[in-house]
Amino acid sequence: MTESPEQQRPVVPRRRLRTALTRLPQWWPLPACVLLGTVSGLSYGLLASPQYEATSYAMAVAEEETNPAAALGFAQSYGRLVTSDATLSYAQGAAGEPLHALRGQVRSETSPDSPMIAVTGTSDQPGKAADIANAVIEAVIVSSGHVSKDTGVKLIKFTHAMKPDQPVSPSLPLGTAVGTAAGGLLGGLVLLVRPRRTDWSVSAQVPGPTAAEVPGPSATEDGSTAEGRELVR
């Protein structure tokens, strides 16, 4: 049963596409991925909104009857409580952001050698980033003050978060460079893992075994063979 012309038409574009792909050089994925990465990095630098960060600091201080070494341990504990829902719920009014938004806009850092806590706020507005950092650090300080009589350690504000001047998000040249580098790396990996194309095959022609030529009986001058002469004798 033969196929109709309508069923054979889709096969022609596929063959043309396959023929066009086979004519391309084997290293074509590398420049294609580099171009794709450059365009992606350039688009990100142009379309993404800049992000600003502001950081405020608080320090854990031990009271008179408390071992000064305890301040370091409580600083680590309070640093973990910065991003808790209890702290962010208390700070959301002063920060001007809802609780679900603050979870992704606040981070804290502590040092193993110093009883200091750093609270960083992130926003697409520089003033809002400073407000978030200051609101959260105030919430942590207030929470520590409620239990300072039991712990013997209290937090005090060390520095106030200031309005940042420059964004921390990648600039346009940096974003383009990162995209280009990522595209080149991806293209190199594609060249390593893709199957190699064989445009021709080489087959060695191995000659088969030939039959050894066995010399037949030699004929004498009178036409009789040597074997026949021996039989006559």
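Start by selecting E53, which is partly exposed at a relative accessible area of 27%. Here buried stands for under 20% relative accessible area, exposed for over 50%, and partly exposed for anything in between, with a 1.4 Å probe and protein chains only. Before moving on, note that this is a predicted model, where local features need pLDDT of at least 70, side-chain atom pairs count only at pLDDT 80 or more, and totals for chains, interfaces and linings use all residues. Residues are numbered from 1 along each chain as its sequence is written, and side-chain values use heavy atoms, with hydrogens and water left out.

**Stop one: the salt bridges**

The term covers a side-chain nitrogen of Lys or Arg within 4 Å of a carboxyl oxygen of Asp or Glu. E53 sits in strand β1 (residues 52-62) and R107 in strand β2 (residues 106-110), so the pair links distant parts of the chain, 54 residues apart. Helices (H or I, at least four residues) and strands (E, at least two) are DSSP runs, numbered from the N terminus. R107 is partly exposed too, at 34% relative accessibility.

With E53, R107 and E109 on screen together, you are looking at a network of salt bridges.

Next, pick E138 and K157, whose closest N and O atoms lie 2.4 Å apart in a salt bridge. This pair also links distant parts of the chain, with E138 in helix α7 (residues 126-146) and K157 in strand β4 (residues 153-159), 19 residues apart. Both ends are partly exposed: E138 at 35% and K157 at 30%. In total, the model has four salt bridges.

**Stop two: the sheet**

Switch to a cartoon view and show the strands. What is the order of the four strands in the open sheet? It runs β2-β3-β1-β4, with antiparallel pairing. Strands count as paired if DSSP finds at least two bridges between them. The edge strands are β2 and β4, each of which pairs on one side only. Neighbouring strands are turned by 25° against each other on average, direction ignored.

Zoom in on β1 and β4, which pair in the antiparallel sense over six bridges. Angles run from 0 to 180 degrees between N-to-C directions, with axes as lines fitted to C-alpha atoms, for helices over the stretch in contact. Contact means heavy atoms within 4.5 Å.

**Stop three: helix α3**

Select α3 and colour P29, C33, G37 and G41, its buried residues. Looking down the axis of α3, you will find them within an arc of 95°, so they line one face of the helix. The arc is taken from the directions from the helix axis to the C-beta atoms. On the face turned away from that buried side are the exposed residues L35, L46 and L47.

**Last stop: Q105**

Finally, go to Q105, in the loop between α6 (99-102) and β2. Is Q105 buried or exposed? Q105 is buried, with a relative accessible area of 14%. Leaving aside residues up to four places away in sequence, Q105 touches E97, T120, G121, T122, S123 and I132. Draw a C-alpha to C-alpha line from Q105 to T122 and you get 4.8 Å, for two residues 17 apart in sequence.
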